[in-house]
Amino acid sequence: MFENIQQALQGIWNHKLRSFLTMLGIIIGIAAIITIVSTIKGTNDQIKQNLIGSGNNVVVVSLHQGDYPVELSDGNLPQGVSVIAPETRQRLEEMEGVERVSLYRQRQWGASVLYQGSEFSGKTLGVDQNYFQVYGYKLCYGRLFREEDLLEHRKLAILDTQAVSAVFSRDYPVGKTLEIRGEPYTVIGVVEQSGSFRPVIETLSDYEMYAESSSGTVFLTAQGWEIAFGFDEPQNVAVKAASTDTMTTVGKAAADLLSATQISDPSGSYAYRSEDLLEQAEQLQAMSRSTNRLLVWIAGISLLVGGIGVMNIMLVSVSERTHEIGLRKALGAKRRKILGQFLTEAAALTSLGGLLGILGGIGLAELLSRAMNTPTAISVPAIVVAAAFSILIGLIFGLLPATKAAKMNPIDALRRE
Amino acid sequence: MILNMEHICKSYYRGKNEVPVLHDVSLRVEEGDYLAIMGPSGSGKTTLMNLIGCLDKPSSGSYHLAGEDVSVKKDNALAELRNKYIGFVFQSFYLLPKMSALENVALPLMYAGVPKKERVDRAREALCSVGLEDRMKFLPNQLSGGQCQRIAIARAMAGRPTLLLADEPTGALDTASGEQIMELFSKINAGGGTIVMITHEPSIAAHAKTICHIRDGRLSAPEEVRL
């Protein structure tokens, strides 16, 4: 076996140009498949990472009017939607697959948060005690909200690091006072989202998504929020699912429950909906998958054509070497030996082509990611499958020529000069 | 008895026409024999050589080689017989051009399933016995015709065959090289080797111990060669 391989490689080396041209179909096919698979994987990984964040499993269930989330502003309360009561919250927490629930209210802008006369441009949130845990924030300085802060309706604020750099360019923030709607709020702590979620910014839309949140967030207690913004705004809900797989179902179930309990007029335009990141990711992935599936088919056709090329050149090789085959048979080579020799040669040819194709594919994927700024991830299973497949092509398309060689009659073969 | 052919007939089919080539050929070869089969071209001597060498099967009659019935064997079994019992020497050497002298000689041993190390040792030994110990790594096209034929003889002898079967072994060589080959054959025969040689040259046939003539597909009785 080993000697067969050695001989086959020698044969390939003896006909360098011919072998290379024969392999070209396989090289192109395999390289194309590796490139495509790497690009798909890279894109999918990025989509998932951007939309879901790794390990957070948080689904936001928010109030929608028609297809759009309701953006609360002053004096514009949604009709017939009530504030989520503690009982409802408990029912949410007891749902299967739910790890933790946090209720919050939010102003994307226009919250008029001032520090020394200049206005903060980020978002303002009124949160409960679970919020920081649900989203995986960790404390940098100061402290988090405590039970007595809520009971005593203290006017306190916590900032994230982006908000700190936007508001207090040089000052130490803890202990400073913000003015929110004319009320003073004391900054007690600074938080930061933990390392598990770092957005990848590669496109303009990534950047917009990031920029939206990059000016930072000011957090108030739910009670503190009510002082500044009023107590009757319905909350949004962040549901942390126990696992990524159940995110979708848990989110939907939570949305159904809230729509049933909170909205007095079910035929109206208001409804709670879960913002399903996994579903969005899958939709995006499916889109790229269907276009890429076409490309994989084209690459497959290239492999087929490459295989036929290998068969053709092996047939030529067999008839060129009729004499050699005749001699080998005269010296006592059985059919199996001749078959093995030519099959090994075909497989060596295609697997060498496959190897070059894999290297070329990795190189091309790398080049593409630099040139077009798309992410790629080399897929190890794809490489293993490509290598196995290229050997298989050799065996399949080598079978006919090798059988032809093995069946030769030694006298006729020897007589032909 | 090494070789026993009885009432062998062989015909080929050209389209639907049967073309008889050998008629009722009987031949016996004992161990240590050195037989030359002489005949002009078209006499059927190549067909006879193919039959003796188990490259072909007779249309009728029986052929036993080293006690084995050749006429009932199939393709793979014939290959095994050739590998085990026959050492071929062809007119135009038939060496594989991309392989060194040593690799060429070791080739039949590979098909006999001899392990690699032993194969190399035996091939080296065979090359020494034909006087080419300093040409082992050479490719055939770097060697003269006489040297190539000696490699071919080494290849034939490396498998320690029962019968050395030579088809016009000097046909492609000049007289001096031819003489060397004939000396080598005589040496092999003197060492106990059995040789059957096919030729049309009387001067070459004269090196054998016995001669048979073949003409129009019929084989004459063997005659002793007088020295």
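Predicted model: local features only at pLDDT ≥ 70, side-chain atom pairs only at ≥ 80, totals over all residues.
Residues are numbered from 1 along each chain as its sequence is written, while chains are lettered from A and ligands numbered from 1 in the order in which they are written. Local features need pLDDT of at least 70 and side-chain atom pairs count only at pLDDT 80 or more, whereas totals for chains, interfaces and linings use all residues.

**Exercise 1. Describe chain A as a whole.**

Step 1. Start with the elements: chain A has 14 helices and 13 strands. These are DSSP runs numbered from the N terminus, with helices being H or I of at least four residues and strands E of at least two.

Step 2. Turn to confidence. The mean pLDDT (the predictor's confidence in each residue, from 0 to 100) of chain A is 84, and 90% of its residues reach 70 or more.

Step 3. Check burial: 38% of the 417 residues of chain A count as buried. A residue is buried if 20 or more other C-beta atoms, placed from the backbone, lie within 10 Å of its own; it is exposed at 12 or fewer and partly exposed in between.

**Exercise 2. Work out how helices α1(A) (residues 2-14) and α12(A) (residues 335-372) meet.**

Step 1. Their axes come within 9 Å and cross at roughly 60 degrees. Axes are lines fitted to C-alpha atoms, for helices over the stretch in contact, and angles run from 0 to 180 degrees between N-to-C directions.

Step 2. The two helices are therefore oblique to each other; under 35 degrees counts as roughly parallel, over 145 as roughly antiparallel, 65 to 115 as roughly perpendicular and the rest as oblique.

Step 3. Now find the residues in contact (C-beta atoms, placed from the backbone, within 7 Å). α1(A) contributes A:N4, A:I5, A:A8, A:L9, A:G11 and A:I12, and α12(A) contributes A:G340, A:Q341, A:T344, A:E345, A:A348, A:L349 and A:L352.

Definitions and conventions:
Contact = placed C-beta atoms within 7 Å.
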